[in-house]
Amino acid sequence: MISTTETAVTLEVNGTSRELRLDNRRTLLDALREQLELTGTKKGCDHGQCGACTVLLDGRRVNSCLVLAVTADGSTVTTVEGLAADGTLHPVQQAFLDHDAFQCGFCTPGQLCSAVGLLAEAEAAGEALDEPTVRERMSGNICRCGAYPHIVRAVVEVAS
Ligand code: FES
Ligand code: FES
């Protein structure tokens, strides 16, 4: 029996339906990392300030540390583990490699998910993306190692 502090939810995570029993206070970030063992998504600040925990929720980028997992019931979630398809890197992942767009790599999963979300937003709006626009729209993702110029170049390359 499920207690009043827990809820059963179903999430489609990286294309697979997952049934979870969740503490109502558990964040989506902790559910992904600790219950589903998808540790690609990183916990940086845990306060919505660094973007390390960015995932795609129903296609939109969110800071998963700020989302209560129970509110995502019935949603689709894409984490960095779900970006590559059939062993082939997502174009954004390949561009990050090509442009040496990471150093320690801690922020990289969030940067990748954010970039994929950003590109989808721009495509849906029919917008072209230049470097200043990418910088602005990726500004919620903090990299402490100085890989920014490479990250921006990688995203602009995929956008063009
Ligand atoms: S860990 Fe979520 S924004 Fe920093
Ligand atoms: S590569 Fe180190 S924080 Fe981004």
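View 1. K43 counts as partly exposed, at 31% relative accessibility (buried means under 20% relative accessible area, exposed over 50%, partly exposed in between, with a 1.4 Å probe and protein chains only). The model is predicted: local features need pLDDT of at least 70, side-chain atom pairs count only at pLDDT 80 or more, and totals for chains, interfaces and linings use all residues. Side-chain values use heavy atoms, without hydrogens and water, and residues are numbered from 1 along each chain as its sequence is written. K43 forms a salt bridge with D46 (a side-chain nitrogen of Lys or Arg within 4 Å of a carboxyl oxygen of Asp or Glu), with the closest N and O atoms 3.7 Å apart. D46 is partly exposed, at 32%.

**View 2. The salt bridge between E127 and R137.** The side chains of these two residues meet at 2.8 Å, N to O. E127 lies in the loop between helix 3 and helix 4 (131-137) and R137 in helix 4, so the pair ties together parts that are 10 residues apart in sequence. Helices are DSSP runs of H or I, at least four residues long, numbered from the N terminus. E127 has a relative accessible area of 37% and R137 one of 30%; D30, K43 and D46 are joined into one network by salt bridges that share partners.

View 3. G126 follows helix 3 and has a positive phi, near 70°.

How values were computed:
Chains lettered and ligands numbered in written order. Helix = DSSP H or I, 4+ residues; strand = E, 2+ residues; numbered from the N terminus.
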